[in-house]
Amino acid sequence: MYNYGEILNNKLNDIEPLYRMYPVLEKINQNNNEIISTQAIFKKVYSDEYVAGAEETCPGVLFVVEGTIKIQKINKDGEETNLYNIKQGEFCHEALSCLSNIESLNITGKAIQDSQVCIIPFEIVRKYFIHDEEFLLYMYKDLYNKFNTVIENKEVMIHESLESRLIKFLINKNSKIIYSTHNELAFEIDSVREVVSRKLKSIEKRGYIKLERGKILVLKDLNEILRD
């Protein structure tokens with residue numbers, strides 16, 4: 001079940017941004033006696049907070065009103081693999097497993113910046129959404145884009161290591177002092193903070209960088225690592 005945390009009141013100032021991001025929802029709402037306006041649940045999700053755990057059952061379909069949610073696959077050892085990000089106007093397709101009563105893919109969502117989301121209960125989605133042709137087309141297009149993103153990320157991972165992506169990102173900053181948190185770096189290279197931290201510490205041990213709070217000092221030419 002979603003960790004509701006801070007539940008925001010279902011008022012006009014919450015509904016209007018939702019409809020701006022998802023115009024198709026406003027049409028469904030207008031055609032069905034304001035069903036979304038009365039049933040939608042709004043929640044603030046803070047940076048690094050999980051929207052739901054991999055083993056939890058979600059109570060509805062997630063819509064991102066503001067911010068970004070990173071979707072990750074959790075394996076049996078608890079290791080995380082980034083799949084794609086959900087931004088404003090996009091969908092979390094893991095909800096389809098709950099909606100269709102099929103086995104979960106052990107996917108969880110984690111905010112990579114302070115975000116606001118809306119959750120539409122499944123009974124509303126089943127009754128009003130899945131029979132709406134425009135909504136289904138909107139969802140399928142988003143699913144195609146997510147699938148394409150997963151394929152592209154897989155190709156990058158096959159041909160280039162995470163350490164190489166991290167080093168190239170640091171080099172492209174073209175500065176001896178890089179102001180960035182590990183969480184921000186993870187977002188930029190499509191990884192997770194814990195893995196980025198391990199890679200940075202490894203590079204630091206080799207004498208190429210020095211890690212300080214909120215910044216990275218470049219001590220030696222990082223291109224040397226790429227040439228090894």
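**Reading a covered strand**

Analyst: Gladly! This is a predicted model, where local features need pLDDT of at least 70, side-chain atom pairs count only at pLDDT 80 or more, and totals for chains, interfaces and linings use all residues. Residues are numbered from 1 along each chain as its sequence is written, and side-chain values use heavy atoms, with hydrogens and water left out.

User: Which residues lie on each side of β8?

Analyst: In a regular strand, side chains alternate between the two faces of the sheet. One side of β8 carries Ser115, Val117, Ile119 and Pro121, the other Gln116, Cys118 and Ile120, and both faces are covered.

User: Which strands are joined to β8 by bridges?

Analyst: Two strands pair if DSSP finds at least two bridges between them. Strand β2 (residues 41-45) pairs antiparallel with β8 over 5 bridges, with Val45 partnering Ser115. Strand β4 (residues 60-66) also runs antiparallel to β8, joined by 6 bridges, and there Val61 stands opposite Ile120.

User: Is Thr108 buried or exposed?

Analyst: Thr108, in strand β7 (residues 107-111), is buried because its relative accessibility is 3%. Its C-alpha atom is 5.8 Å from that of Ile71, 37 residues away along the chain.

Technical notes:
Helix = DSSP H or I, 4+ residues; strand = E, 2+ residues; numbered from the N terminus. Buried < 20%, exposed > 50% of the residue type's maximum accessible area, 1.4 Å probe, protein only.
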